[in-house]
Amino acid sequence: MVPLMQTAILIFLSLLFQTFHLANSQSFIGVNYGQVADNLPPPEATAKLLQSTSIAKVRLYGSDPAMIKALANTGIELTIGTSNSDVQTLASDPNSATQWINTNVLPFYPSSNITLITVGNEVVTINDQTLTSCLLPAMQNVQNALGKANLNGKIRVSTVHSMAVLAQSAPPSSGMIQPMYSDAMKGVLGFLRDTGSPFAVNPYPFFAYQSDPRPETLAFCLFQPNSGRVDSGNGIKYMNMFDAQVDAVRSALNALGFKEVEIMVAETGWPYTGDSIEVGPSIDNAKAYNGNLISHLRSLVGTPLMPGKSVDTYIFALYDEDLKPGPASERAFGLFRSDLSMTYDVGLSKSSQTPATPTPVTPSTQTVWCVPKAGVSDAQLQSNLDYVCGLGLDCSAIQPGGACFEPNTMAAHAAYAMNLLYQTSGRNPWNCDFLQTATLTSTNP
């Protein structure tokens, strides 16, 4: 395509930029630790596993003391939670909130880096009015109990919501809270704004695909090359469902007047297997979703409405939960098996990370390139090109006047872009897939 040294220099600069963030900006990648299982490894083994990864945050649904203690002195941030059954008691009796903090926080903090307490899980959409009315008072009492322990500003308090709190989410600019929840949500959002706590939500592109199982929807959900979807409200073109769902939440909060409240993704993931009648679960899809999500977060591109930073995101889940009811997919979200082996590799292991000081990609060190397969249509190549450049990677070299503009062909420009994504995303095989239109080669293109 272009003189090899020019290509090498450009790719090295991209790798250098990417590596800087790999080494310094992992704090936004978290994982959920569910315990509806009878075969989980010992907490100490789980703590060692987590330390071998770039996972910086762990969310517990409860406040398991053994797991909290096992994570002491690891530096891993911990979110712990109260159960839904605790909400009414916490709301009605401030002393119960004090006791909860005395039992579940003070014996472990600060050795265990507890940074957030979630009061209940998806309480609002249970549609129990009594429980919903208790949510804000419970959060306030827990916050006051933290204040008594001189932990205000050190540990924050929030609650977690499902996407069902939205009346609509497509297009993202039309996102709005369900009218029946708006009063309760305004109270919760006011609390979050005043305490600097995040709005925690559970977006699942997997479920969006199940309700619209077209190939183009799958590509949109898996961060794979696609034609994108234009928001008719503001003209923004979205290239993946995750950004669209998160920005729908952003629009909904903005519409209620809470632009300053930050968003946290408390759960998102993709199952690697399911029942025969389920649409979407597979190893390839789970690997693509989680692997591409992690690459997207590491790019720090952000979402169209929240550019330039990555939302704190907790992947569901660390392990399978073999006792969960429901379809088989509910028991197949684990990134790791109970024997601590990987279910599939999404580039979280520290041993697979790019080293802190990258080696320049020169003719002697870059031996594999990602290129289009023979016979791929120009339309598909254009889609691949749009996808890579839409992620925020630097495509200026193939713009008019750029170092790699010549030869000015769709095949050459697409090959440059596809290889750029592959080289800067950790050189994982799934980063050179492009809906099976790409291949790896040892022949310098």
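Modeller: We will go through the cysteines of this structure in turn. This is a predicted model, in which local features need pLDDT of at least 70 and side-chain atom pairs count only at pLDDT 80 or more, while totals for chains, interfaces and linings use all residues. Residues are numbered from 1 along each chain as its sequence is written, and side-chain values use heavy atoms, with hydrogens and water left out.

Colleague: How many disulfides does the structure hold?

Modeller: A disulfide is a pair of cysteine sulfur atoms within 2.5 Å, and the structure holds 2 of them. One joins Cys 370 to Cys 432, at 2.1 Å from S to S, and this pair links distant parts of the chain, 62 residues apart, with Cys 370 in strand β15 and Cys 432 in the loop between α13 and β16. Here helices (H or I, at least four residues) and strands (E, at least two) are DSSP runs, numbered from the N terminus. The other disulfide joins Cys 389 to Cys 395, at 2.0 Å from S to S.

Colleague: Which handedness does the link of Cys 389 and Cys 395 have?

Modeller: That link is left-handed, with -105 degrees about the S-S bond, whereas the torsion for Cys 370 and Cys 432 is about 90 degrees, so their disulfide is right-handed.

Colleague: Is Cys 370 buried or exposed?

Modeller: Buried means under 20% relative accessible area, exposed over 50%, and partly exposed in between (1.4 Å probe, protein chains only). Cys 370 counts as buried because its relative accessibility is 0%, whereas Cys 389, at 27%, is partly exposed.

Colleague: Why is Cys 404 too far from Cys 395 for a bond?

Modeller: The sulfur of Cys 404 is 11 Å from that of Cys 395, the closest cysteine sulfur, which is too far for a bond.
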